[in-house]
There are 2 protein chains.
Amino acid sequence: MSDWQVITGGVTAPKGYRAAGITAGLKPSGLPDLALIVSDVDAIAAGVFTTTCVRAAPVDYCRQRLQAKASAHAILVNAGQANAATGELGWQDALESAKALGQALSISPDSVLLASTGVIGQRIRMDALLSGIPNLVAALSDTGSDAAAQAIITTDLVTKSIALETTIDDRPVRVGGICKGSGMIHPNMATLLAFVTCDAAVSTSLWQQMLSRAADKSFNQITVDGDTSTNDTLIALANGQSRTAALTEMSPEAEKLEAMLTAVCQHLAKAIARDGEGATCLIEVEVQGTPDDTAARQIARTIAGSSLVKSAIFGRDPNWGRIAAAAGRAGVPFEQENLNVRLGTIQLMEAGQPLAFDRAAASTYLKQAAAGEYLKDDTVLISVSIGNGSGTGKAWGCDLSYDYVKINAEYTT
Amino acid sequence: MSDWQVITGGVTAPKGYRAAGITAGLKPSGLPDLALIVSDVDAIAAGVFTTTCVRAAPVDYCRQRLQAKASAHAILVNAGQANAATGELGWQDALESAKALGQALSISPDSVLLASTGVIGQRIRMDALLSGIPNLVAALSDTGSDAAAQAIITTDLVTKSIALETTIDDRPVRVGGICKGSGMIHPNMATLLAFVTCDAAVSTSLWQQMLSRAADKSFNQITVDGDTSTNDTLIALANGQSRTAALTEMSPEAEKLEAMLTAVCQHLAKAIARDGEGATCLIEVEVQGTPDDTAARQIARTIAGSSLVKSAIFGRDPNWGRIAAAAGRAGVPFEQENLNVRLGTIQLMEAGQPLAFDRAAASTYLKQAAAGEYLKDDTVLISVSIGNGSGTGKAWGCDLSYDYVKINAEYTT
């Protein structure tokens, strides 16, 4: 059905990109903590950032840069210190990081974008970062995506990476991505960071539109604990090295590219939800019948984020009442006579009334789905419809386990 | 400081009220499950109800009744079955319950209000309810509040009750209340139910305004898990039996009454938060410096509802980063340079910067506060200010413990 195929290579799968990840000494653990993604040529750059009022310096830095000039050559990412709540000194650290990398790459500091993740309130260990930059640049390679993916993670259990390829104008076009995150925020090791590369030729405004829409269908539709980070950052580069004709407005080719970009973002977003703190399975919620897609996404997000639904899935309990209650409070008006709820293929509620479903079978579905016996992944599927509207939307979350509480109560001081 | 004193008697403390609670056989456990509150004379009635689209029949019933006529003689409450998602048959059950009680009390069925709590999707055991009504009416007494409070609880660990008395026109005026709830929703044993009685003389519109404002400062400011119930109901009666002059608009006397009504609602709301599923302590969040009170309440609610903040408090971890991050995402714009965070009397963050506070002392504060060593209750106090505005607001929640997950994962099927 899809117009693309999965390929290897992550952010270095598209043409004209190199990446690297090294241990610079920012993380106390001694694990890799400094990553770099470079485009051989100046690339169109788009970004989506945290909407919170309490923001990290690199977030403000990227926003300003992209507002002034929607292109970039390089993305420098550190893990270990979040550079959030660090005031004017943190801002100066951001400027100095960009300047040092610009010099090492012989590019303007204005062409460097930045992202940080780690402990809130701590300044970046600038001596380690600055002395690491030469090694980082030396390590750049067109197979460096995995090393970069490794260097951006904090409490993640696994690295997250994907690359897809399609054909536009009879030429291969690729989109690759890496990301990190295992809670919406995991203070003091905060943040969702995602970096996407693409070798298509796209105008700046179209690329930003595509990225914003893709984020609305992916990263903005996952929830681990409902908390937003100070550092959340999604940056996407498009460098035109596929030598396809430039896309400047929506067209069949542009739609193809946007669909692939969306698929990359959804893959990465789901990987984050699945790696949610303490999660034993991924929960996918699909909603239909709303007046528009926004309403469907809102209901889906509310269900995926309900602590009661999440606890029930952890307990493998087919608790339709909690799903119905979460749908009802999502802020989208509907008649309860139109509410239908399904778990996998098992109908639990129809026209607002609970059905006499087989509880044992539904619980078995939950056990088997969470163990990965239905979809190729450990995915529990909840389907809800609330009317005859044409709106549809999906959201992803994870179950709420003892380990979530353990991780977050004992993370410490 | 307060203009009132605490008295005994709950909903039967105000003049002209009787109450009862009996075991009618609706709960499988055999515990009390049918409650009644009666005013000797027709009382002005106001209500605040769940805003969810998935509502129980008694909620729709009360809304219709109060719209047609803002007065009532009696409130009949059953525990065991929620009468939610029960369709037309559930609606008929509600009508029949009101009719039966009206006959037993020799009043119009229109003067009966209803509330249910229990398993969603189950119809009320009408045979048990109907045969219980004569015993219930026979049990009515002016010391029946505790029995009623006992009969409306489901998974609550304790009953919740309060009564206050003040003086208006040199005459005693009293407000009493009982409530139940140990999660915003605890499916399938759902719901927050609260019933308030008062012997002041108040006009219908003023009483409804007072109750709505009181609810905004109390029941709408507590969160256990962010989920809203199908059955949430707050009903307040004012029967004029104190023989004070009728209050028809705001005045010093009306303000005195509203302050006391608000205090009753806040006492009951905090009792619910403290009894939150798995909770080990109450969290009180006070916010100031916002443009208005609504904004302050919104920030307070977001902090009190953050899973990360709740987990940190359970771990007795003075994690200011999580408090700051929750404040930042509450939807109220502010400059992070103006953010101040305090835990008890310990300043954690000032002007957007973390302070070098004594972590051990802060953790000790959390341990001692949760153990009830500071306030008379087990209350952890979080104070946040975000600017120079005059807005203030409070919210209450509880910590997130292993037991919350246990209760909600293992509640079952």
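Residues are numbered from 1 along each chain as its sequence is written, and chains are lettered from A and ligands from 1 in the order in which they are written. In this predicted model, local features need pLDDT of at least 70, side-chain atom pairs count only at pLDDT 80 or more, totals for chains, interfaces and linings use all residues, and side-chain values use heavy atoms, with hydrogens and water left out.

**Exercise 1.** Determine what span helix α2 of chain A should have, and which of its residues are buried.

*Solution.* Step 1: helices (H or I, at least four residues) and strands (E, at least two) are DSSP runs, numbered from the N terminus. Step 2: the expected span is 1.5 Å times one less than the number of residues. Step 3: buried means under 20% relative accessible area, exposed over 50% and partly exposed in between (1.4 Å probe, protein chains only). The buried residues of α2(A) include A:G90, A:D93 and A:L105. Step 4: contact means heavy atoms within 4.5 Å; the buried residues of α2(A) pack against β3, α1, β4, β5 and α3 of chain A. Just after the helix, A:S106 takes a positive phi of about 55°.

**Exercise 2.** Describe the surroundings of A:Q221.

*Solution.* Step 1: A:Q221 lies in the loop between α5 and β9 of chain A. Step 2: because its relative accessibility is 0%, A:Q221 counts as buried. Step 3: a polar contact is a pair of N or O atoms within 3.5 Å; within protein, one must be able to donate a hydrogen and the other to accept it, and residues adjacent in sequence count only if both atoms are side-chain atoms. A polar side-chain atom of A:Q221 lies 2.7 Å from the backbone oxygen of A:K394. Step 4: leaving aside neighbours within four places in sequence, the contacts of A:Q221 include A:D216, A:R297 and A:W396.

**Exercise 3.** State the strand order of the open sheet of 7 strands in chain A, and identify its edges.

*Solution.* Step 1: two strands pair if DSSP finds at least two bridges between them. Step 2: the order is β9-β16-β11-β15-β12-β13-β14, with mixed pairing. Step 3: β9 and β14 of chain A each have a single partner strand, so one side of each is left without a neighbour in the sheet. Step 4: β12(A) and β15(A) run antiparallel and are joined by 4 bridges; A:N340 has A:S385 as its bridge partner.
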